[in-house]
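Welcome! Take a moment to look over the sequence and the model, and then we can walk through a few of its features together.

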Amino acid sequence: MQGDIDRILYHETTILSRLDEMAHTIAKDYEGKELTVVSILNGSFIFMADLLRRIPLPLQIDSWSVSSYHGTKSKGRIEFRQNSIADVTGRHVLILDDILDSGLTLRAIKDRLAAESGAASIRSCVLLRKKLQREAATVADYVGFEIPDEFVVGYGLDYNEQYRNLPYIGVLNEEAIRRHAR
Ligand code: XMP
(Lines give C-alpha, C1' and ligand atoms only; values in the text may rest on other atoms or scores of the structure.)
Protein backbone atom coordinates (compact mmCIF):
# COMPACT_ATOMS: atom_id res chain seq x y z
CA MET A 1 0.00 0.00 0.00
CA GLN A 2 2.81 2.45 0.93
CA GLY A 3 4.49 1.74 -2.42
CA ASP A 4 1.46 3.18 -4.23
CA ILE A 5 2.07 6.62 -2.73
CA ASP A 6 4.08 9.07 -4.80
CA ARG A 7 4.70 11.44 -1.89
CA ILE A 8 3.24 12.27 1.49
CA LEU A 9 1.64 15.71 1.78
CA TYR A 10 0.66 15.69 5.47
CA HIS A 11 1.60 13.35 8.28
CA GLU A 12 -0.90 12.64 11.05
CA THR A 13 0.83 14.97 13.54
CA THR A 14 0.59 17.88 11.07
CA ILE A 15 -3.07 17.12 10.40
CA LEU A 16 -3.91 16.94 14.09
CA SER A 17 -2.22 20.21 14.94
CA ARG A 18 -4.13 21.92 12.11
CA LEU A 19 -7.34 20.38 13.51
CA ASP A 20 -6.53 21.94 16.90
CA GLU A 21 -6.53 25.36 15.22
CA MET A 22 -9.69 24.72 13.20
CA ALA A 23 -11.56 23.37 16.23
CA HIS A 24 -10.58 26.44 18.24
CA THR A 25 -11.97 28.79 15.56
CA ILE A 26 -15.16 26.75 15.10
CA ALA A 27 -15.77 26.54 18.87
CA LYS A 28 -15.47 30.35 19.14
CA ASP A 29 -17.81 30.92 16.17
CA TYR A 30 -20.54 28.56 17.44
CA GLU A 31 -20.39 29.23 21.16
CA GLY A 32 -23.95 29.53 22.57
CA LYS A 33 -25.52 28.32 19.31
CA GLU A 34 -27.49 25.14 18.59
CA LEU A 35 -25.08 23.30 16.30
CA THR A 36 -25.69 20.30 14.05
CA VAL A 37 -22.74 18.87 12.12
CA VAL A 38 -23.64 17.17 8.85
CA SER A 39 -20.79 14.88 7.95
CA ILE A 40 -20.39 13.55 4.41
CA LEU A 41 -19.44 9.87 4.36
CA ASN A 42 -17.42 7.86 3.74
CA GLY A 43 -14.49 10.18 3.11
CA SER A 44 -14.86 12.40 6.17
CA PHE A 45 -15.19 9.74 8.87
CA ILE A 46 -11.67 10.12 10.31
CA PHE A 47 -11.66 13.89 9.88
CA MET A 48 -15.04 14.06 11.65
CA ALA A 49 -13.90 11.91 14.58
CA ASP A 50 -10.67 13.84 15.11
CA LEU A 51 -12.14 17.33 14.61
CA LEU A 52 -15.32 16.91 16.66
CA ARG A 53 -13.46 15.52 19.68
CA ARG A 54 -11.58 18.83 19.74
CA ILE A 55 -14.73 20.99 19.83
CA PRO A 56 -15.91 21.35 23.45
CA LEU A 57 -19.48 22.42 22.59
CA PRO A 58 -22.80 20.55 22.76
CA LEU A 59 -23.62 19.47 19.21
CA GLN A 60 -25.62 16.96 17.21
CA ILE A 61 -24.33 14.88 14.32
CA ASP A 62 -26.06 13.75 11.15
CA SER A 63 -24.18 11.71 8.55
CA TRP A 64 -24.99 11.75 4.86
CA SER A 65 -23.88 9.19 2.39
CA VAL A 66 -23.16 10.78 -0.94
CA SER A 67 -21.42 9.57 -4.07
CA SER A 68 -19.93 11.73 -6.79
CA TYR A 69 -16.74 10.07 -8.02
CA HIS A 70 -16.00 7.32 -10.40
CA GLY A 71 -12.27 6.42 -10.38
CA THR A 72 -10.35 9.70 -10.13
CA LYS A 73 -12.95 11.76 -12.02
CA SER A 74 -16.05 13.47 -10.72
CA LYS A 75 -19.21 12.20 -12.41
CA GLY A 76 -20.42 15.79 -12.36
CA ARG A 77 -23.62 14.91 -10.54
CA ILE A 78 -24.10 13.60 -7.05
CA GLU A 79 -26.29 10.85 -5.67
CA PHE A 80 -27.81 11.03 -2.19
CA ARG A 81 -28.07 7.55 -0.73
CA GLN A 82 -30.61 8.48 1.95
CA ASN A 83 -34.04 10.03 1.54
CA SER A 84 -34.61 11.80 4.83
CA ILE A 85 -32.47 14.30 6.70
CA ALA A 86 -32.38 15.07 10.43
CA ASP A 87 -34.62 17.88 11.69
CA VAL A 88 -32.35 20.94 11.90
CA THR A 89 -35.07 23.58 11.91
CA GLY A 90 -33.71 26.71 13.59
CA ARG A 91 -30.33 25.08 14.18
CA HIS A 92 -26.94 26.12 12.82
CA VAL A 93 -25.59 23.55 10.39
CA LEU A 94 -21.91 22.93 9.70
CA ILE A 95 -21.24 20.57 6.77
CA LEU A 96 -18.02 18.56 7.05
CA ASP A 97 -16.45 17.11 3.93
CA ASP A 98 -13.05 15.62 3.23
CA ILE A 99 -12.11 17.55 0.12
CA LEU A 100 -13.35 20.37 -2.08
CA ASP A 101 -12.44 19.67 -5.69
CA SER A 102 -14.88 20.88 -8.37
CA GLY A 103 -17.20 22.00 -5.54
CA LEU A 104 -20.20 20.27 -7.16
CA THR A 105 -20.76 17.93 -4.21
CA LEU A 106 -20.73 20.66 -1.61
CA ARG A 107 -22.91 22.88 -3.82
CA ALA A 108 -25.55 20.13 -4.11
CA ILE A 109 -25.51 19.43 -0.36
CA LYS A 110 -25.86 23.11 0.51
CA ASP A 111 -28.71 23.49 -2.00
CA ARG A 112 -30.56 20.52 -0.55
CA LEU A 113 -30.15 21.79 3.01
CA ALA A 114 -31.21 25.30 2.03
CA ALA A 115 -34.31 23.97 0.24
CA GLU A 116 -35.43 21.33 2.76
CA SER A 117 -34.06 21.99 6.21
CA GLY A 118 -35.16 25.32 7.70
CA ALA A 119 -31.67 25.68 9.24
CA ALA A 120 -30.79 29.02 10.85
CA SER A 121 -27.45 29.03 9.00
CA ILE A 122 -25.44 26.72 6.76
CA ARG A 123 -21.65 26.76 6.65
CA SER A 124 -19.09 24.28 5.45
CA CYS A 125 -15.74 22.94 6.56
CA VAL A 126 -13.36 20.87 4.44
CA LEU A 127 -10.06 19.30 5.38
CA LEU A 128 -8.55 19.80 1.90
CA ARG A 129 -9.16 22.22 -0.94
CA LYS A 130 -7.59 21.65 -4.34
CA LYS A 131 -5.99 24.59 -6.10
CA LEU A 132 -7.75 24.49 -9.46
CA GLN A 133 -7.14 26.27 -12.76
CA ARG A 134 -10.85 27.03 -12.91
CA GLU A 135 -13.20 28.30 -10.24
CA ALA A 136 -14.89 25.78 -7.92
CA ALA A 137 -18.70 25.65 -7.91
CA THR A 138 -18.79 26.85 -4.30
CA VAL A 139 -16.51 27.98 -1.47
CA ALA A 140 -15.93 26.50 2.00
CA ASP A 141 -15.99 28.60 5.17
CA TYR A 142 -13.28 26.60 6.98
CA VAL A 143 -10.38 24.95 5.13
CA GLY A 144 -7.65 22.76 6.60
CA PHE A 145 -5.07 22.69 3.81
CA GLU A 146 -4.79 23.87 0.22
CA ILE A 147 -3.33 21.13 -1.97
CA PRO A 148 -2.18 20.81 -5.58
CA ASP A 149 -4.65 19.50 -8.16
CA GLU A 150 -3.64 15.84 -7.82
CA PHE A 151 -5.49 12.74 -6.65
CA VAL A 152 -4.89 12.16 -2.94
CA VAL A 153 -5.70 9.28 -0.60
CA GLY A 154 -5.41 8.38 3.07
CA TYR A 155 -6.85 9.72 6.34
CA GLY A 156 -10.33 8.67 5.14
CA LEU A 157 -9.89 9.39 1.43
CA ASP A 158 -10.03 6.44 -0.94
CA TYR A 159 -9.38 5.23 -4.43
CA ASN A 160 -11.87 2.48 -5.26
CA GLU A 161 -12.50 2.07 -1.50
CA GLN A 162 -8.81 1.48 -0.73
CA TYR A 163 -6.23 3.49 1.25
CA ARG A 164 -8.75 5.06 3.68
CA ASN A 165 -6.82 3.68 6.67
CA LEU A 166 -3.48 5.28 5.80
CA PRO A 167 -2.64 7.59 8.73
CA TYR A 168 -1.36 10.34 6.38
CA ILE A 169 -2.53 12.14 3.22
CA GLY A 170 -0.51 11.29 0.13
CA VAL A 171 -0.58 11.60 -3.65
CA LEU A 172 -1.43 8.33 -5.37
CA ASN A 173 1.06 7.37 -8.07
CA GLU A 174 0.13 6.90 -11.73
CA GLU A 175 0.96 3.19 -11.70
CA ALA A 176 -1.51 2.54 -8.83
CA ILE A 177 -4.21 4.57 -10.60
CA ARG A 178 -3.68 2.49 -13.78
CA ARG A 179 -3.61 -0.82 -11.87
CA HIS A 180 -6.91 -0.15 -10.08
CA ALA A 181 -8.53 1.06 -13.28
CA ARG A 182 -7.90 -2.28 -15.07
P1 XMP B 1 -16.16 17.68 -5.93
O2 XMP B 1 -15.45 17.62 -7.26
O3 XMP B 1 -17.64 17.50 -6.08
O4 XMP B 1 -15.58 16.42 -5.19
O5 XMP B 1 -15.79 18.91 -5.14
C6 XMP B 1 -15.81 16.19 -3.86
C7 XMP B 1 -15.78 14.72 -3.55
O8 XMP B 1 -15.01 13.99 -4.50
C9 XMP B 1 -14.11 13.11 -3.89
N10 XMP B 1 -12.74 13.53 -4.25
C11 XMP B 1 -11.62 12.88 -3.95
N12 XMP B 1 -11.43 11.75 -3.26
N13 XMP B 1 -9.10 11.95 -3.55
C14 XMP B 1 -10.16 11.29 -3.07
O15 XMP B 1 -9.98 10.26 -2.42
C16 XMP B 1 -9.19 13.09 -4.27
O17 XMP B 1 -8.18 13.67 -4.69
C18 XMP B 1 -10.54 13.58 -4.48
N19 XMP B 1 -11.03 14.67 -5.13
C20 XMP B 1 -12.38 14.59 -4.96
C21 XMP B 1 -14.39 13.23 -2.41
O22 XMP B 1 -15.24 12.18 -2.04
C23 XMP B 1 -15.09 14.53 -2.23
O24 XMP B 1 -16.04 14.53 -1.19
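How far does a backbone N or O atom of Leu104 lie from an oxygen atom of the ligand? The distance is 3.5 Å, in a model that is predicted.

A backbone N or O atom of Asp101 lies 2.9 Å from an oxygen atom of the ligand, while for the side chain of Asp97 the distance from an N or O atom to a ligand oxygen is 3.3 Å. The protein buries 93% of the 500 Å² that the ligand exposes when taken alone.

The shell around the ligand holds 17 residues, and Ser102, Gly103, Thr105, Val152 and Asp158 are the closest. Strand 3 (59-70), strand 5 (92-100) and helix 3 (104-116) each give two or more residues to this shell, with strand 5 providing the largest share, four residues. By type, the shell has seven nonpolar, four polar and six charged residues.

Now to the salt bridges. Side chains of opposite charge can pair when their charged atoms come close. The count here is 15 salt bridges, including these:

| Salt bridge | Closest N and O atoms |
|---|---|
| Asp6 and Arg7 | 3.6 Å |
| Arg54 and Asp20 | 2.7 Å |
| Asp111 and Arg107 | 2.8 Å |

Arg54 sits in the loop between helix 2 (45-52) and strand 3, and Asp20 in helix 1 (residues 12-30), so this pair ties together parts 34 residues apart in sequence. Asp111 and Arg107, by contrast, are four residues apart in helix 3, about one helical turn. Asp111 is partly exposed at 40% relative accessible area, and Arg107 is partly exposed at 32%. Finally, a network of salt bridges links Asp4, Glu175 and Arg179.

Terms used
Residues are numbered from 1 along each chain as its sequence is written. This is a predicted model: local features need pLDDT of at least 70, side-chain atom pairs count only at pLDDT 80 or more; totals for chains, interfaces and linings use all residues. Side-chain values use heavy atoms; hydrogens and water are left out. A residue is near a molecule or strand if one of its heavy atoms lies within 4 Å of it. A polar contact is a pair of N or O atoms within 3.5 Å; within protein, one must be able to donate a hydrogen and the other to accept it, and residues adjacent in sequence count only if both atoms are side-chain atoms. Accessible areas come from the Shrake-Rupley method with a 1.4 Å probe; for residues, only the protein chains shown count as cover. Ala, Val, Leu, Ile, Met, Phe, Trp, Tyr, Cys and Pro count as nonpolar, Asp, Glu, Lys and Arg as charged, and the others, Gly among them, as polar. A salt bridge is a side-chain nitrogen of Lys or Arg within 4 Å of a carboxyl oxygen of Asp or Glu. Buried means under 20% relative accessible area, exposed over 50%, partly exposed in between (1.4 Å probe, protein chains only).
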